[in-house]
Amino acid sequence: MRNRTSNFIMLFGTLFFTIIGVLLALVVVFLLIRLLFGVLSYIPWIIYLYVLMILLFPSVLFMSVYAIFFKRTLRYPSPIVKWISLSFFCIAFVAWIVVFTLDIRLFFQMGHTELEPYLSFNLLFLFANVAGIFLIGVMQALALPAEKDWMDKRKEKHPEEYQGL
């Protein structure tokens with residue numbers, strides 16, 4: 001059986017070389033990625049594919065968020081808040097479809113590789129969408145009845161324990 005000192009030295013060596021190995025592996029991966037992106041810049045159609053993917057991202061993200069929130073809002077108990085939320089989600093979803101269609105049309109007509117001319121990257125439009133989602137969430141949260149804490153739930157479950165209080 002080995003003594004404790006040799007066990008600690010072996011443990012230290014294993015940890016040290018594992019950390020060094022992971023760091024070297026990360027450096028090699030980053031260098032390979034840099035090389036790959038350096039080579040991709042010489043292929044002209046890659047830029048257009050990249051811009052097309054960037055154009056798809058906000059539209060797909062917000063449309064999927066609105067679709068999910070629309071489905072969840074269908075089961076919401078308060079009818080007024082439910083209809084306000086559903087109408088907002090429908091209007092926002094249609095707005096994103098229109099903006100996405102106009103952006104894709106502009107991309108295939110003009111082929112802009114910068115993001116400034118595209119409507120889906122308009123800061124006011126993005127801010128309005130995020131603010132709308134936030135405000136609808138706050139409105140839905142405030143319209144729900146207050147949630148009972150653990151003490152109230154326990155009092156309802158075991159009322160005999162709290163008779164004298």
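**Entry 1: the model.** I am working with a predicted model.

**Entry 2: H3 against H4.** I started with helix H3, residues 79-110, and helix H4, residues 123-143. I looked up the angle and the distance, because two packed helices are described by the angle between their axes and the distance between the axes. For H3 and H4 the angle is about 165 degrees, and the axes lie 10 Å apart. An angle over 145 degrees counts as roughly antiparallel, so that is how H3 runs to H4. I noted the crossing of H3 and H4 as left-handed.

Next I listed who touches whom. From H3 the contact takes Val-81, Ile-84, Ser-85, Phe-88, Phe-89, Ala-92, Ala-95, Trp-96 and Val-99. From H4 it takes Phe-125, Leu-126, Asn-129, Gly-132, Ile-133, Ile-136, Met-139, Gln-140 and Ala-143. I sorted the residues of this H3 and H4 contact by class: 14 are nonpolar, four are polar and none is charged.

**Entry 3: H2 against H4.** I then turned to helix H2, residues 44-73. H2 packs on H4 at about 20 degrees, and their axes are 12 Å apart. Angles under 35 degrees count as roughly parallel, and H2 and H4 are therefore roughly parallel. Their crossing is left-handed.

On the H2 side I found Phe-62, Val-65, Tyr-66, Phe-69 and Thr-73. They meet Leu-126, Asn-129, Val-130, Ile-133 and Gln-140 of H4. By class, the contact of H2 with H4 holds seven nonpolar and three polar residues, with no charged ones.

**Entry 4: aromatic rings.** I searched the whole structure for aromatic pairs and got eleven. I picked out the pair of Tyr-66 and Phe-88. Their ring centres are 6.0 Å apart, and the planes stand at 80 degrees. This pair is edge-to-face, because planes over 60 degrees apart count as such. Tyr-66 sits in H2 and Phe-88 in H3, 22 residues apart, and the pair links distant parts of the chain.

Phe-88, at 24%, is partly exposed.

Entry 5: Phe-88, Phe-89, Trp-96 and Phe-125 are among the residues of the H3 and H4 contact. Phe-62, Tyr-66 and Phe-69 are among those with which H2 meets H4.

Definitions and conventions
Residues are numbered from 1 along each chain as its sequence is written. This is a predicted model: local features need pLDDT of at least 70, side-chain atom pairs count only at pLDDT 80 or more; totals for chains, interfaces and linings use all residues. Side-chain values use heavy atoms; hydrogens and water are left out. Axes are lines fitted to C-alpha atoms, for helices over the stretch in contact, and angles run from 0 to 180 degrees between N-to-C directions. Helices (H or I, at least four residues) and strands (E, at least two) are DSSP runs, numbered from the N terminus. Angles under 35 degrees count as roughly parallel, over 145 as roughly antiparallel, 65 to 115 as roughly perpendicular and the rest as oblique. A crossing is left-handed if the near helix is turned anticlockwise from the far one by less than a right angle, and right-handed if clockwise. Contact means heavy atoms within 4.5 Å. Ala, Val, Leu, Ile, Met, Phe, Trp, Tyr, Cys and Pro count as nonpolar, Asp, Glu, Lys and Arg as charged, and the others, Gly among them, as polar. Rings of Phe, Tyr and Trp (its six-membered ring) pair if their centres lie within 6.5 Å; planes under 30 degrees apart count as stacked, over 60 as edge-to-face and the rest as tilted. Buried means under 20% relative accessible area, exposed over 50%, partly exposed in between (1.4 Å probe, protein chains only).
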